[in-house]
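Please read them with the structure open.

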Amino acid sequence: MSESLYSSCAEVLSVCQAAKDDLAALLDPNTGFAPRIRQLCRDQITEAENSASSDVSQEELDVLRMEANTWGLLQAVMPARKTEPEPHVHPRTLLAKNPYTPTSTLAQAIMHSSVLLTELVVVLEWLHETAPQPQHPEATTGYWKFTKHNVMQALRTGSGIREGLVKELDPDAMNRGDGRSLAADDAGSEKSLAQALYSFIRAGRLDEAVELCRKAHQPWRAASIRGSLLFQWRAIANEQRDDDGIDDAEDAEGWQGNPRRKLWKSTCARAALNPNLPDPERILYAALAPCPQTFSVLKSACRTWEDHLWAQISILCEEKQTADMIKLGGGFWDGGLAVLENMPSPPSQEEDAAEEEEWEREATSTLETLGSVHVEEGPIADHAFHVSQLAIILDRTNSLLETFAAGLRDGNFDPQSSEYPTMTRFFAHLCLYLRMIDIPVPPLATQVILEAYLQVLEAAGQRELIAMYAGALGDNAVERYAMFLTSLELTADINERRLALTRAREHGLDVHRVAVVTAERTIDRAFELLPQMKGPLPSVIALQASPSDIELLLLRSIEWTTFEDGTYDTALEQATVILRYFLGAGRVSLAKNLFFTIWDSLDRVVECQSLEVSIMNRDTRAAWLSDYKGLIDQAYDAVVKLLTSDWMMPDETGDHRSRELIRVRQIYVPELILRLHVMLYASREHVPENLKRALELANIVADSRYKLYDDFLHLDGRRLGEYLDAVRRATIAGLEGGGSDPFKIFLS
């Protein structure tokens with residue numbers, strides 16, 4: 001599927017959602033939701049067919065064409081279902097007022113009196129619109145030209161008519177039972193013409209079929225086709241007239257159609273059932289006057305599922321019209337004066353309703369058989385789009401959505417198939433369309449379908465569209481969009497993440513909630529993959545390995561909660577959890593990115609110390625010494641402040657968090673004490689008072705208020721003996737200036 005189709009459908013959805021309170025706009029035949037999507041499908045088909053480099057398969061094009069047709073069907077039937085019908089006069093009332101009411105006016109009244117019949121007529125028009133392009137036979141230069149030439153030649157020469165060739169040239173010449181036929185070329189032309197005429201009738205293009213007969217020099221056949229038109233005479237019909245005079249001009253031309261259509265129909269039926277006629281002829285007449293008696297003939301011409309649907313609905317509509325006309329007595333034009341003298345008594349409203357209900361059950365039962373009908377060409381009857389079209393016609397969209405959702409849940413559809421993206425896109429937009437026009441849809445099925453389409457969008461890389469469709473999930477919208485954002489992992493930089501949250505706001509999602517849930521999901525996923533903090537304490541002075549992708553994912557997880565002021569508190573809480581993990585894992589280089597800047601203070605002292613060289617002049621050395629002393633003071637203040645506070649102090653619950661805190665303190669408290677002591681001790685030559693500060697640090701370590709000595713007790717960590725040995729060396733260094741008083745350094 002073209003990537004542009006995803007965004008184009010989303011654009012249509014966005015436009016129509018903005019007008020969701022305007023039902024007329026949503027159902028507009030040109031700019032409504034369904035016709036817009038249908039046009040997108042048609043444009044896609046045209047583009048693929050005209051592009052030499054298109055990689056779209058014929059199967060994908062067929063599915064796309066079926067989708068376009070299905071949106072056309074929705075546009076055909078939904079406006080009538082969602083709008084109040086205009087009041088119409090009952091056909092019995094028409095006849096009571098005017099017994100000479102033309103049959104076309106009665107037929108219109110019969111149609112308007114039955115909701116299902118009205119819909120079936122609309123569906124029939126849709127089938128005409130979506131029918132294959134009619135065939136055009138080869139042009140002929142005369143009526144049975146080759147047969148005529150042979151007959152005339154025989155008459156001129158007196159040699160007699162060739163054996164097996166017809167002797168006359170009237171239309172019934174082949175049907176006199178003598179076994180004679182036309183010349184081969186003319187017989188072929190007749191067959192092609194009959195087949196072409198059937199294709200025009202299948203497409204509902206009677207006028208073009210009539211014109212084709214005239215061009216083929218067969219006006220009698222044109223007359224037989226026009227016999228299907230209902231008798232119309234507006235001058236004597238009780239119909240409302242326009243004030244522009246156009247109707248008067250039409251009325252001046254007199255009546256139109258067939259006033260003896262009942263007789264014409266029975267004649268067509270007899271012709272269709274006549275085994276002596278060629279099959280194309282029989283099929284043609286069965287299509288002109290469909291009825292149950294000729295159904296087997298008409299069915300023989302049905303190749304596709306749509307053909308079968310057209311045949312069944314044609315018969316249902318024709319039979320309903322005929323049955324209701326019989327109940328009315330047919331009026332003057334079908335029954336003559338006898339009907340006017342003996343008008344049948346009208347049935348009660350209850351009887352009318354019961355008969356209508358019975359007919360609806362029969363019609364529904366007939367249409368249901370199309371779910372398993374055998375087709376010879378094109379997609380089979382249980383193809384998803386055929387199932388959808390039948391469900392739409394039967395007004396069973398809820399059942400349709402639930403069935404498709406169940407198939408998705410049960411894994412009945414292969415996500416790798418070429419049809420899967422088209423199917424999920426159609427059903428997702430169908431759910432949203434029905435919801436926009438206030439037709440209830442099953443919520444659980446809708447969620448399953450939208451979720452499937454979101455996965456299709458993710459697989460197609462349509463990140464910018466996820467928020468729009470996730471927003472349609474209702475209560476699950478935040479969770480689903482957060483799931484998508486979580487799946488981005490490290491593929492999105494900080495700007496893309498910020499933009500993704502902006503899209504959430506544009507489509508009505510709670511941005512703060514999305515950010516928090518995304519961060520939480522990311523942290524949970526990272527912790528599932530990272531090793532647990534257990535075993536020996538790690539070394540924090542060894543060379544740090546480069547961070548893994550999972551560690552970076554955990555580190556960047558709090559980006560989601562740093563874009564909005566309202567999520568700063570959550571960001572701080574999450575950063576604390578992440579910091580605790582990195583410290584417990586000995587990942588100081590990563591922890592430094594999360595407020596653990598004290599390590600940088602110590603590293604800056606070491607870096608400054610390394611800058612000392614022996615060839616410094618006085619001013620340079622003085623500047624360096626000032627920087628060096630200042631950095632030491634900063635590091636000393638920071639470390640002492642941390643040691644004398646409740647930093648990472650566990651409670652007495654003994655839970656997982658307390659164990660983590662104990663581990664962190666056992667790693668970093670001894671390390672910080674030793675590093676600070678060594679830093680002060682190493683700087684004694686440049687800052688003599690630092691030796692005294694190094695020895696005073698031991699008082700802080702020994703202070704029972706802070707219990708820093710407890711953090712030296714882990715077997716794998718720095719032992720207290722190491723620190724005491726460092727203190728001993730500092731004490732000895734205090735005696736280097738002379739004397740034997742070890743406390744002299746404290747008094748100086």
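**Helix pairs and pockets**

1. The crossing of α24 and α25 is right-handed. This is a predicted model. Helix α24 covers residues 463-470 and helix α25 residues 477-488. They pack at an angle of about 165 degrees, and their axes are 9 Å apart. Angles over 145 degrees count as roughly antiparallel, so α24 and α25 are roughly antiparallel to each other.

2. Which residues make the contact between α24 and α25? From α24 come Arg-463, Ile-466, Ala-467 and Ala-470. They meet Ala-477, Tyr-481, Phe-484 and Leu-488 of α25. By class, the contact of α24 with α25 has seven nonpolar residues, one charged and no polar.

3. Next, α4 and α7. Helix α4 runs over residues 58-82, helix α7 over residues 115-129. Their packing angle is about 155 degrees, with the axes 10 Å apart. The pair α4 and α7 is therefore roughly antiparallel. The crossing of α4 past α7 is right-handed.

4. On the α4 side, the contact with α7 uses Asn-69, Gly-72, Leu-73, Ala-76, Val-77 and Arg-81. Helix α7 supplies Glu-119, Val-122, Val-123 and Trp-126. The residues of this α4 and α7 contact divide into six nonpolar, two polar and two charged.

5. What is the angle between α20 and α22? Helix α20 (residues 384-393) and helix α22 (residues 420-436) cross at roughly 20 degrees, and their axes come within 11 Å. That angle makes α20 roughly parallel to α22, since angles under 35 degrees count as roughly parallel. The crossing of α20 and α22 is left-handed.

6. The α20 residues in this contact are Ala-384, Phe-385 and Ser-388. Their partners in α22 are Thr-422, Met-423, Phe-426 and Phe-427. The contact of α20 with α22 holds five nonpolar and two polar residues, and no charged ones.

7. Now the pockets. The largest pocket has a volume of about 1,400 Å³. It is lined by 40 residues. Ser-228, Leu-229, Leu-230, Arg-261 and Glu-318 lie nearest its centre. Two or more lining residues each come from α6 (103-112), α7, α13 (261-273), α14 (279-288), α16 (305-328) and α17 (331-335).

8. Which element gives the largest share of the lining of the largest pocket? Helix α16 does, with eight residues. By class, the lining of the largest pocket has 17 nonpolar, 16 polar and seven charged residues.

9. The second largest pocket holds about 680 Å³ of space. Its lining has 25 residues. Nearest its centre lie Pro-132, Arg-303, Thr-304, Asp-307 and Glu-377. The elements that give two or more residues to this lining are α4, α9 (184-202), α14 and α16.

10. Helix α9 gives the largest share of the lining of the second largest pocket, five residues. The lining residues of the second largest pocket divide into 10 nonpolar, eight polar and seven charged.

11. Helix α7 packs with α4 and gives residues to the lining of the largest pocket. Helix α4 gives residues to the lining of the second largest pocket.

Conventions: Residues are numbered from 1 along each chain as its sequence is written. This is a predicted model: local features need pLDDT of at least 70, side-chain atom pairs count only at pLDDT 80 or more; totals for chains, interfaces and linings use all residues. Side-chain values use heavy atoms; hydrogens and water are left out. Axes are lines fitted to C-alpha atoms, for helices over the stretch in contact, and angles run from 0 to 180 degrees between N-to-C directions. Helices (H or I, at least four residues) and strands (E, at least two) are DSSP runs, numbered from the N terminus. Angles under 35 degrees count as roughly parallel, over 145 as roughly antiparallel, 65 to 115 as roughly perpendicular and the rest as oblique. A crossing is left-handed if the near helix is turned anticlockwise from the far one by less than a right angle, and right-handed if clockwise. Contact means heavy atoms within 4.5 Å. Ala, Val, Leu, Ile, Met, Phe, Trp, Tyr, Cys and Pro count as nonpolar, Asp, Glu, Lys and Arg as charged, and the others, Gly among them, as polar. On a 1 Å grid over the protein atoms alone, a cavity is a set of points where a 1.4 Å probe fits but cannot get out, and a pocket is an open set with protein on both sides within 12 Å along at least five of seven lines; lining residues have an atom within 4 Å of a point. Grid points are joined across faces, edges and corners, and a volume is the space filled by probe spheres set on the points.
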